[in-house]
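Please look at the sequence and the structure shown here.

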Amino acid sequence: MTDISELLLSRIRDVADYPEPGVMFKDITPLLADPAAFTALTDALAEVADRTGATKVVGLEARGFILGAPVAVRAGIGFVPVRKAGKLPGATLRQAYDLEYGSAEIEIHAEDLSGSDRVLVVDDVLATGGTAEASIQLIRRAGAQVSGLAVLMELGFLSGRARVEPALAGAPLTSLLTV
């Protein structure tokens with residue numbers, strides 16, 4: 001295990017039975033409260049943005065905003081939020097996707113992306129992959145290219161990678177931690 005992996009893992013707290021019985025929630029707030037750990041995380045994700053040639057970072061609501069915005073600033077590129085449906089003013093592109101129990105919709109301002117943009121999707125966790133897959137579809141519908149997907153941690157037992165990799169169409173999926 002690398003030093004950064006050890007640092008990040010040491011700052012993620014397990015919360016049993018949250019938000020429902022049987023779920024082990026991975027709480028990243030201790031990591032965010034530690035400036036050294038948060039800086040190391042931001043630097044690692046900004047390195048992914050540089051390596052993939054990203055011109056924009058898309059952050060997925062809500063923790064993807066917390067991680068994606070400083071990554072974009074560090075990499076010297078723009079930040080575009082992907083929000084839950086109904087949260088963005090003006091004209092948006094909307095994408096529906098299936099959840100384990102039901103469905104949801106996300107939106108983006110299409111004018112924030114152009115055909116020349118290469119977009120890195122940033123989020124805290126890759127679980128089942130539904131939101132990440134829908135965001136990739138939205139980015140392409142807006143006319144931009146997807147340069148990759150980068151997450152702090154991947155919950156390997158939920159098989160999100162298998163769902164997202166076909167949508168990435170060869171763009172890299174980078175997970176700093178797999179649990």
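The dialogue below takes strands, salt bridges and aromatic pairs in turn.

Q: What kind of model is this, and how are its residues numbered?
A: This is a predicted model, in which local features need pLDDT of at least 70 and side-chain atom pairs count only at pLDDT 80 or more, while totals for chains, interfaces and linings use all residues. Residues are numbered from 1 along each chain as its sequence is written, and side-chain values use heavy atoms, with hydrogens and water left out.

Q: How many bridges join strand 5 to strand 6?
A: Strands (E, at least two residues) and helices (H or I, at least four residues) are DSSP runs numbered from the N terminus, and two strands pair if DSSP finds at least two bridges between them. Here 7 bridges join strand 5 (residues 93-99) to strand 6 (residues 102-108), and the two run antiparallel. A hairpin connects strand 5 to strand 6 through 2 residues. Within this pairing, Ala96 stands opposite Glu105.

Q: Which strand is joined to strand 6 by 2 bridges?
A: That is strand 4 (residues 78-84), which runs antiparallel to strand 6. Arg83 stands opposite Glu107 in strand 6. In a regular strand the side chains alternate between the two faces of the sheet.

Q: How many salt bridges are there?
A: A salt bridge is a side-chain nitrogen of Lys or Arg within 4 Å of a carboxyl oxygen of Asp or Glu. By this rule the count is 12. One of them joins Arg74 and Asp43, at 1.9 Å from N to O. Arg74 is in helix 4 (residues 63-75) and Asp43 in helix 3 (residues 35-52), so this pair links distant parts of the chain, 31 residues apart.

Q: Are Asp124 and Arg63 buried or partly exposed?
A: Buried means under 20% relative accessible area, exposed means over 50%, and partly exposed lies in between (1.4 Å probe, protein chains only). Asp124 is buried, at 3%, whereas Arg63 is partly exposed, at 34%. The two form a salt bridge, with their closest N and O atoms 2.3 Å apart. Because Asp124 lies in strand 7 (residues 118-126) and Arg63 in helix 4, the pair ties together parts that are 61 residues apart in sequence.

Q: Which residue forms a salt bridge with Arg94?
A: The side chain of Arg94 meets that of Glu105, at 3.2 Å from N to O. Arg94 lies in strand 5 and Glu105 in strand 6, so the pair ties together parts that are 11 residues apart in sequence. Salt bridges that share partners join Arg94, Glu105 and Glu107 into one network. Arg94 is partly exposed, with a relative accessible area of 39%, and Glu105 is partly exposed at 34%.

Q: How many aromatic pairs are there?
A: Rings of Phe, Tyr and Trp (its six-membered ring) pair if their centres lie within 6.5 Å; planes under 30 degrees apart count as stacked, over 60 as edge-to-face and the rest as tilted. The count comes to 2. Tyr18 and Phe25 are edge-to-face because their planes stand at 80°, with ring centres 5.2 Å apart. Phe65 and Phe79 are also edge-to-face, with 6.3 Å between centres and 85° between planes. Phe65 lies in helix 4 and Phe79 in strand 4, so this pair ties together parts 14 residues apart in sequence. Phe65 is partly exposed at 22%, and Phe79 is partly exposed at 28%.
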